[in-house]
Amino acid sequence: MTVRLGDIAPDFTADTTDGTISFHEWLGDGWGILFSHPKDFTPVCTTELGAFSARKADFDKRNTKLIAVSVDDVASHNAWAGDIAETQGTALAFPIIGDETRKVADLYDMIHPNANDTLTVRSVFIVGPDKKVKLILTYPASTGRNVEEIIRVLDSLQLTADYKVATPANWKDGDDVIITPAVSDEEAKERFPKGFTALKPYLRVTPQPNK
Ligand code: BEZ
């Protein structure tokens, strides 16, 4: 199945290290990040699961739940969690789905046969409170993800969900933002009382409105 931006994130029920979870119900009214790793007991994956766990408080602050998945079973995930705690200095801080039947992997098209025909790639799906997919990232097995970048993009998604703004290249929380072109100058004066600078009629910059 192909999942695209704006689609309702496919719902599923699965066994996890925290028991059986129905995805939409588990998400509740908040944001969620579903991300796959290729295989338990592998080096890059061990660092990634540790790195995401270490930033759990930052995801909590953003009302965002994390859930991981691979084609290993829950018993394997539980055994591997000990290695994550031992080597990464942090306990596993979120559930991992046991997906030995590939139900979730297939629903989200996480197996890319020309990369590897049995293991999931490093997929990331960010899901909004409306259960729609807001962001999709795909990394190969050889490249671990940057958790700081995931948090940065989450900040952008949450900001742009609430205000008629977009975030420029290399933006990070606290930087100036761009007023979306559909907003007239008159409307911009009302919506952005801190004012704005028009570098071009289509490129208007304003201080981040929620700061
Ligand atoms: C890793 O996490 O290091 C890894 C997993 C699967 C294939 C290659 C590398």
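## Basis of the description

Helices (H or I, at least four residues) and strands (E, at least two) are DSSP runs, numbered from the N terminus. This is a predicted model, in which local features need pLDDT of at least 70 and side-chain atom pairs count only at pLDDT 80 or more, while totals for chains, interfaces and linings use all residues. Residues are numbered from 1 along each chain as its sequence is written, and side-chain values use heavy atoms, with hydrogens and water left out.

## The ligand and its shell

Oxygen atoms of the ligand lie 2.9 Å from a polar side-chain atom of Thr42, 3.4 Å from a polar backbone atom of Pro43 and 2.8 Å from a backbone N or O atom of Val44. The protein covers 74% of the 260 Å² of accessible area that the ligand has on its own (Shrake-Rupley method with a 1.4 Å probe).

Helix α2 (43-54) has twelve residues and reaches 17 Å from its first C-alpha to its last, close to the 16 Å expected from 1.5 Å times one less than its number of residues. Its buried residues are Cys45, Thr46, Glu48, Leu49, Gly50, Phe52 and Ser53, buried meaning under 20% relative accessible area (1.4 Å probe, protein chains only).

His37 is placed in the loop between β3 (31-36) and α2, and this residue counts as buried because its relative accessibility is 0%. The side chains of His37 and Ser70 are joined by a polar contact of 3.3 Å, that is, a pair of N or O atoms within 3.5 Å, of which, within protein, one must be able to donate a hydrogen and the other to accept it, with residues adjacent in sequence counted only if both atoms are side-chain atoms.

The domain assignment, which is automatic or taken from a database, gives domain 1 (13-145) and domain 2 (163-206), with centres, taken over C-alpha atoms, separated by 35 Å. Helix α6 (residues 147-162) has 16 residues and reaches 23 Å from its first C-alpha to its last, close to the 22 Å expected. At the start of α6, a side-chain oxygen of Asn146 reaches to within 2.9 Å of the backbone nitrogen of Glu148.

Key. Buried < 20%, exposed > 50% of the residue type's maximum accessible area, 1.4 Å probe, protein only.
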